[in-house]
Amino acid sequence: MNYIPQINRRTFIVSTAAVGGGLMLSMDIPLGPHVVRAADGSPEVNAWVVIRPDDTVVIRIARSEMGQGTITGLAQLVAEELECDWSKVTTEYPTPGQSVARKRVWGDMSTGGSRGIRTSHEYVRKGGAAARIMLVQAAANEWKVPASECTASNSVITHSPSGRKTTFGKVAEAAAKLEAPTEITLKDPKDWKIAGKPVKRLDTADKINGKMMYGIDVKLPGMLNAAIKDCPVFGGKVKSFDAAKVAGMEGVKKVVQVGDTAVAVVADTWWRAKTALDALPIVWDEGPNAKVSSATIAEALKTGLDAEQAFIGNQNGDAKAAIASAAKKVEAIYSYPYQNHAAMEPLNATALYTADKCEVWCGTQNGEAAFAAVLAASGLPANKCDVHKQILGGGFGRRGAFHDYVSQAVLIAKQMPGTPVKLLWSREEDMVHGKYHPVTQCKLVGAFDKDNNLTALRVRISGQSILTAVRPEALDNGKDPATFQGFNATGEAAIGYSFPNLLVDHAMHNPPVPPGFWRGVNINQNAIYLECFMDELAHASGQDPLEFRRKLMAKHPKHLGVLNAVAEKIGWGKPAPQGVFRGLAQHMGYGSYVAAAAEISVEGGNKIKIHRIVGATDPGFAVNPAQIDRQVAGSFVYGLSALFYGECTVKDGAIEQTNFDTYDSMRIANMPKVESIVMPTGGTPWGGIGEPTICVAAPAVLNAFFAATGKRIRSVPLKNHNITFA
Amino acid sequence: MVRLTINGTAHEIDVDPNTPLLWALREQVGLTGTKYGCGIAQCGACTVHIDGAATRSCSLAVSDAVGKQITTIEGLAQNGILNRVQKAWLDGDVPQCGYCQSGMIMAAAALLKNKPKPTDADIDGAITNICRCGTFQQVRAAIHAAAANA
């Protein structure tokens, strides 16, 4: 694809913003007849589609590409309805500033919660369909024939009775002047030719030759580089620093304080800025959290396991009474640690501030949130700010709800008006100033009657709430509904079992370590808690783990569907190869049903070789099965890295892990063979892909480890149990 | 001044000789395809070839690269023709975010130079790069495909 983020995209904003409303479809009322033009002068047929005279189709993408393939998937959906030639498709990002100027014509830019495709598929498809209708109408007008006699296919419009033909590029100018259609009928997905197919990604060519531009690669004329150090103790501040000590070092231009908590060195190159920063004496006021440690946090969470006060997430029947009268009880306590997103590209943003304008170039999962951060930090109004989104070197949630790195870049640039400054965090800074996967502990109790029937499940989660820290307006009378992901009665993260009596609640405790949305979010730990404990209950009652689950899943056919699919493919119920043991898990998140089955062997009691892991996903509709397959394989890497290695510990109020030597990540040698089953069963709403399957990797492997060794692991990562990859 | 030979071209670079090669490549020479990931030779995003050997440029001083042939991802294709590893990567749709892939491709290209038909164990031993997107399954398939195309 030709997509290379270009800084001269600014001219595009000016030219389109100047027109005001322009032709907008799906999200706004079309105003016509002004033609809105892209930077190269090509007409916008509508906000989603620009067609160049050479028939190139430029599809606008509002969501952010961070590896998950959203650019390709969204373009497939637009192209499907547009009836264009897929080989002529290229894509570009509109800027948030442009979006604001055009009344959010592109809708939400947020790219998290596996929402990129599932929450915008309808309006982007309508955008493609509307553009096709206008292009056909323009051709019909030129030929003076009814549009109903014309059809579009592969970027060619044909008048069937006469056989006349023209191309999209030839009629785009005329189409752009037409009123947008009000009646749009979308194709039945069974008729899809581009969407639903395993087409190749549009962004690969520049990712194999070093040409792809990430935020870290941005270079502007006269640009300087900044390295930053924020107080390593959460809640601490800068007390003083001795700029004179480094002022004479090679390349150093300025030492600046950034807000109350950080100091940055600005130099001609980043390496010189970082070298000077390392030599800069800084005294911190460590604040109230200087004594916080992992042990103090764990102690506090432990009290929550039996606390009286808790928010109820899901209940039916009377679980407490059923447990009190049980013939047999099974009880277990699990826990899950802090983890850093550790995207391969460390956080960075480039800012240019002048008295009347502030622009930022950065990777972001949410252009509008980055834009809001620029407004707040610069103090300038929306019409004087913009954000130029770059391809992300990974996001995983770190670049979505949080734009601390953007605010910092603007605060630095503000102290050097007229000079563009690129702020890059070192890996060490990235590791100790994460927005961490929250910590929780979980106490589960299962009750059986005298006939070995499960009568109740009681789940008490104790720990941190992300929404309290990040989006308090989303709390429900103090309750964080996201805590119960995968335990809910209904919705996009519903539990897949019917228990005669159920109580799931949450005792909230919020340590001073900032939590964030970490790819998969709360299903990561909730799937371990529920699915490992289901395995415990099956074994405690002498039942096969698959059969035990199935008995409780009659009213959950889609959960059961994915579970059955992985069980069949792994060969559940048939003998495994010598020394190989199996484990299962299923869960629901982000509207998708997912399951995994793993085959492992264990050497010496503590070295795990994962031979195979089968993953099944039912997202309702599959826009690109080849990319889903890759997301599933990649999700298992993310989930297994977390299982074996992922933990950030706290000492003296700061995170102890500072780089990949202490925060390891899985390598190719540990990669199991992943067999992915994509099994869309339709329905609404659509499910997401980027996150759900992460959560079933760990419980499937932990359950297989129990089958192999008889040892039940209830806290992760496995390195703390001296368990490693073989 | 340090004189480096990068992708067959000599460059005079005004830089402290202790500067890591990675930063000289990115900031002085302007070759940004080589990526910074950790700075401590753990992740492999900065992998280049030094006289043909895969080397982590974040932990190599420019003074140690003087007089050697440095090849970066930008120099892997010859006369506009993709290296067979790049071709296999393109055919196999390997990258996700792509950030680690320059280093991954450079490590794979060096492996294939030494072992034209690598086994899975050879791949496990030679490719120690971190990929947080988790492209390993496609990476392994692409290395075998590139070997088959030799």
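Biologist: How many bridges join strand S3 to S4 in chain B?
Modeller: This is a predicted model. In chain B, strand S3 covers residues 47-50 and runs antiparallel to S4(B). One of the paired residues is B:Thr47, whose partner in S4(B) is B:Arg56. The number of bridges joining S3 to S4(B) is four.

Biologist: In what order do the strands of that open sheet of chain B lie?
Modeller: The sheet has five strands, and their pairing is mixed. Strands S2 (9-13) and S4 (53-56) of chain B are the edges, each pairing on one side only. Neighbours are turned by 40° against each other on average, direction ignored. The order is S2-S1-S5-S3-S4.

Biologist: Which helix of chain B packs on the sheet, touching S3 and S4?
Modeller: The helix spans residues 101-114 of chain B. Its direction makes about 35° with that of S3(B). The helix is H3 of chain B.

Biologist: How far apart are the C-alpha centres of domain 1 and domain 2 of chain A?
Modeller: The domain assignment gives domain 1 as 9-206 and domain 2 as 223-287 + 342-432. Across their boundary, 16 residues of domain 1 are in contact with 19 residues of domain 2. The C-alpha centres lie 36 Å apart.

Biologist: Which element gives the largest share of the side of domain 1 of chain A that touches domain 2 of chain A?
Modeller: Helix H1 (9-17) and helix H3 (96-101) of chain A are the elements that give two or more residues to this side. By class, this side has six nonpolar, eight polar and two charged residues. The largest share, four residues, comes from H3(A).

Methods: Residues numbered from 1 in each chain as written. Chains lettered and ligands numbered in written order. Predicted model: local features only at pLDDT ≥ 70, side-chain atom pairs only at ≥ 80, totals over all residues. Pairing = 2+ DSSP bridges. Axes fitted to C-alpha atoms, helices over the stretch in contact; angles between N-to-C directions. Contact = placed C-beta atoms within 7 Å. Domains from an automatic or database assignment. Nonpolar A, V, L, I, M, F, W, Y, C, P; charged D, E, K, R; others polar.
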